[in-house]
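Biologist: Can you walk me through the pockets in this one? I'm new to it.

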Amino acid sequence: MNVKDVYNAIDAAAPFSLAMDFDNPGLLVGDPDEQVKGALVALDVTDNVIDEAVSRGANLIVTHHPVIFHPMKRVTADTLVWRLVRAGLSVVSAHTNLDIARGGVNDILAARLELAGAAPLEETCPGEGIGRVGTLARGMTPPEFAYYVKRMLDLQAVRYCDGGRAIERVAVCGGSGGNMLEAAAAAGCQAYVTGDVKHDVMLDAVHRGITLLDAGHFGTETIVLDYLAGLVRAAVGEGVPVVIARTNVDVTTTI
C-alpha cells in the first residue's frame, strides 16, 4: 500500500474536510505514491521520533499534530522538515478533523472518563462537533473527580480549581480547550476537563462554579494513538509494521 492509501483510510474515518479553518492537517511531507515499508505513530514529529523511524526502517510517520502548522518561509538544515525530507520520510497528520470526528480524540476522552450519553459540546457541522459533554455514573465532589480523572487517564498530576458544586455533568475537550469554558457552562456542566488552561480561565471557572481540570495537552490527546495506529494498520495490511513510537513521550516533567 502507498502513502495515499493511509491518507484515504484516515480520511474515511475522520474526514480532513472537518478540520477547522486555522488547521493544516493532511499529507504534509513526502510522496503520496511511495510504498509504505513501515509506519510510526506519534502525537508529534520530534527529532527523537525521526531517529526512531529511521532506526526501525519506517518511511511513514502518522501524527495528530501537524509538523507544518504555521506558514514556512524557508526550509533549512535546522528544521524538522529538512530532516524528514533528507531521511525519505513522509508525514500524514490528522488534527482537528480527528478531534471532531466520531470515534476520535474527544469520543475516546469521554469514553475513558466513562461519560454516559456523550454528545458534541459545540457543533461545527451537522452531527459533528468539537468537545463532548456527558454524565458520570454517580456524583462526585471536585477533589474526588480530580483524582478520578488522574487515575482514568493515567496521569502524573492534574491541575484543577474547585467549582464548589457536586459534579454529575462533565464536558471534555482534548488538547488546548480553555476557550470553550463558556460552552461548558452553557451546557449545564459542573466540571470541564481539557489542557493548557490559563490562569484567567481558572478564575473565570471558579466564578461560574465550574470545576476546571487541566489534564495537560499531551495527557488528553495521547490516548488517541491506539485508534490512529489501528486506522493505519487497516490501510497497509499485514506484513507492514505499524507501531506507536517509544519516543512518544510528554517532554515536560512534573516534580
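Modeller: Start with the second largest pocket: helix H4 (96-100), strand E8 (167-176) and H9 each supply at least two residues of its lining. Helices (H or I, at least four residues) and strands (E, at least two) are DSSP runs, numbered from the N terminus. This is a predicted model: local features need pLDDT of at least 70, side-chain atom pairs count only at pLDDT 80 or more, and totals for chains, interfaces and linings use all residues. Residues are numbered from 1 along each chain as its sequence is written, and side-chain values use heavy atoms, without hydrogens and water.

Biologist: Which element gives the largest share of that lining?

Modeller: E8, with four residues.

Biologist: And how much space lies in the second largest pocket?

Modeller: About 290 Å³. Its lining has 16 residues, and Met20, Phe22, Thr96, Ile130 and Ser176 are the closest to its centre. A pocket is an open set of points on a 1 Å grid over the protein atoms alone, where a 1.4 Å probe fits, with protein on both sides within 12 Å along at least five of seven lines; lining residues have an atom within 4 Å of a point.

Biologist: OK, now the largest pocket. How much space is there?

Modeller: About 820 Å³. Of its 33 lining residues, Phe218, Gly219, Asp250, Val251 and Thr252 are the closest to the centre.

Biologist: Which helix gives the most to that lining?

Modeller: H9, with three residues. Helix H2 (47-56) and helix H10 (225-236) each supply at least two.

Notes. Points joined across faces, edges and corners; volume = space filled by probe spheres on them.
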